[in-house]
Amino acid sequence: MSTTTTTTASTTTITTEPPKSKYTGANRMTFDGNPTSYNDFRDALSRDGYAVIKGAIPRDRAEKYADAFLGYMEGFNLGYDRHNPSTVRRDKLPVLNEKGMIQSYGVTHEQWVWDIRGEEGVIEAFAKVYDDEDLIVSFDVVNVGFVNREDLPENKPWPHQDQDPAKPGFRCLQGLVNLHPSGPNDGGLIVCKGGHNLSAQFHAEMADEPRIPAWTPEWFGFTDNGMKWLADHGLQWEKVCCDPGDLIVWDSRVPHYNVPPTGSVDRLAVYTCYMPVKEASKGDLVRKRDAFERRLGTTHWPNAVHVAPTNIATRDGKPCPVARERPVQEPVLNERTMKLTGIPYLEAMA
């Protein structure tokens, strides 16, 4: 912060100027397929469509978040015990989908989830990509991939991209914060390296291929023919390996899916996605404010393209016995994280 001192015959005035942002928008990534020379993770992101930001969260804090995540699941008092693998059973856990996502219970607004979203190293990565610090964040879900899956739904590969093929070009940068060691056998994200650069060509040449039904046009699933096309064009699938506290980011055009662990370490991840607030309309921000106030989740789109209708989980067709509409620990946000909700920007429009 700088100061300017002005002296007159009778008074001295000290004016404090707010710090100037280092982001100007001029250095925003273009994702045009050309080589880049940022000399950081952005070069890999541009080339491969994904990148790992090492130590976005210091390891000691990442381990505390992992402890909070496990404690959260134990806190349902259904019988899950992190130290007893035999308790990894559906009736002893909050409701998970087959991919390991907890989507209800207001989990997207738990204090520990918001603390992760507010980590400076996580925000900074997205700010560098967009060359913009005025960001909003998705109210996305959390993911647990258990080693012991005997009583859990089968997690079959579901290769997809999270972007409407009718809206080509770079539109969204997805991300997740990893909280447990994630080696080759520890479950996690599988990506089709470089798939973003061939996305437009793929959809042009495969336009007549019947689409896998989806609940939103912002999801496109790859059929067997689509997978063959990717292979025929030299694209390969890779397991993304990372450590606790690492952030993985990927272009939403990149084909990807997740796999459960086959080793000895459970997977823990929190999805995080940011975009410049200037790319959201006033209507988007109104919808986002409503989702925040009702503690509802969204998908990875920070401008709240899709908002969950409820926090009430269903188990065997009925409301879960431990269902709740709001988080266990209501979030207390600081100035930075409150901006990520979009609410201060919306109020400034009034």
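Entry 1: I call a residue buried when its relative accessible area is under 20%. This is a predicted model, so I am reading computed values throughout. I began with cysteine 192, which has 0% relative accessibility and therefore counts as buried. Cysteine 242 comes out at 5%, so I put it down as buried too.

A disulfide needs its two sulfur atoms within 2.5 Å. For cysteine 242 the closest cysteine sulfur is again in cysteine 241, at 7.3 Å, so this pair is also too far for a bond.

**Entry 2: strand 12.** I turned to strand 12, residues 247–251, and asked how many of its residues are buried. I found five of five, so the strand is mostly covered under the 20% cut-off. I then sorted the residues by direction: Leu247, Val249 and Asp251 point one way, while Ile248 and Trp250 point the other way.

Which strands pair with strand 12? I noted strand 3, residues 50–53, which pairs with strand 12 in the antiparallel sense over four bridges. Strand 8, residues 173–178, also pairs with strand 12 in the antiparallel sense, over five bridges. I looked up isoleucine 248 in both pairings: it is the bridge partner of valine 52 and also of leucine 176.

**Entry 3: cavities.** I counted three cavities of 30 Å³ or more. The largest cavity holds about 40 Å³ of space. By class, I wrote down five nonpolar, four polar and two charged residues.

Entry 4: I moved on to the open spaces. The largest pocket has about 980 Å³ of space. Its lining has 44 residues, and the closest to its centre are Met101, Gln103, Val141, Trp215 and Thr299. Which elements give two or more residues to this lining? They are strand 8, strand 13 (256–259) and strand 14 (267–271). I sorted the lining of the largest pocket into 21 nonpolar, 17 polar and six charged residues.

The second largest pocket has about 250 Å³ of space. Of the 16 residues that line it, Arg90, Val95, Leu96, Pro153 and Arg315 are the closest to its centre. Here I noted eight nonpolar, three polar and five charged residues.

**Entry 5: helix 4.** I checked how many of the 11 residues in helix 4 (residues 120–130) are buried. I got eight, so by the under-20% rule this helix is mostly covered. Among the buried ones are Val122, Ile123, Phe126, Val129 and Tyr130. Glu124 is on that buried list as well. Just after helix 4, I found aspartate 131 with a positive phi of about 50°.

**Entry 6: histidine 233.** Where does histidine 233 sit? I found it in the loop between helix 6 (224–232) and strand 11 (237–239). Its relative accessibility is 33%, so histidine 233 counts as partly exposed. Leaving aside neighbours within four places in sequence, I listed its contacts as Leu198, Gln201 and Glu205. I also took the C-alpha to C-alpha distance from histidine 233 to glycine 263: they are 30 residues apart in sequence and 31 Å apart in space.

**Entry 7: lysine 318.** My last stop was lysine 318, in strand 17 (residues 318–319). Is this lysine 318 buried or exposed? Its relative accessible area is 58%, so I logged lysine 318 as exposed. From lysine 318 to lysine 193 I noted 125 residues in sequence and 41 Å in space, C-alpha to C-alpha.

Methods: Residues are numbered from 1 along each chain as its sequence is written. This is a predicted model: local features need pLDDT of at least 70, side-chain atom pairs count only at pLDDT 80 or more; totals for chains, interfaces and linings use all residues. Side-chain values use heavy atoms; hydrogens and water are left out. Buried means under 20% relative accessible area, exposed over 50%, partly exposed in between (1.4 Å probe, protein chains only). Two strands pair if DSSP finds at least two bridges between them. On a 1 Å grid over the protein atoms alone, a cavity is a set of points where a 1.4 Å probe fits but cannot get out, and a pocket is an open set with protein on both sides within 12 Å along at least five of seven lines; lining residues have an atom within 4 Å of a point. Grid points are joined across faces, edges and corners, and a volume is the space filled by probe spheres set on the points. Ala, Val, Leu, Ile, Met, Phe, Trp, Tyr, Cys and Pro count as nonpolar, Asp, Glu, Lys and Arg as charged, and the others, Gly among them, as polar. Contact means heavy atoms within 4.5 Å.
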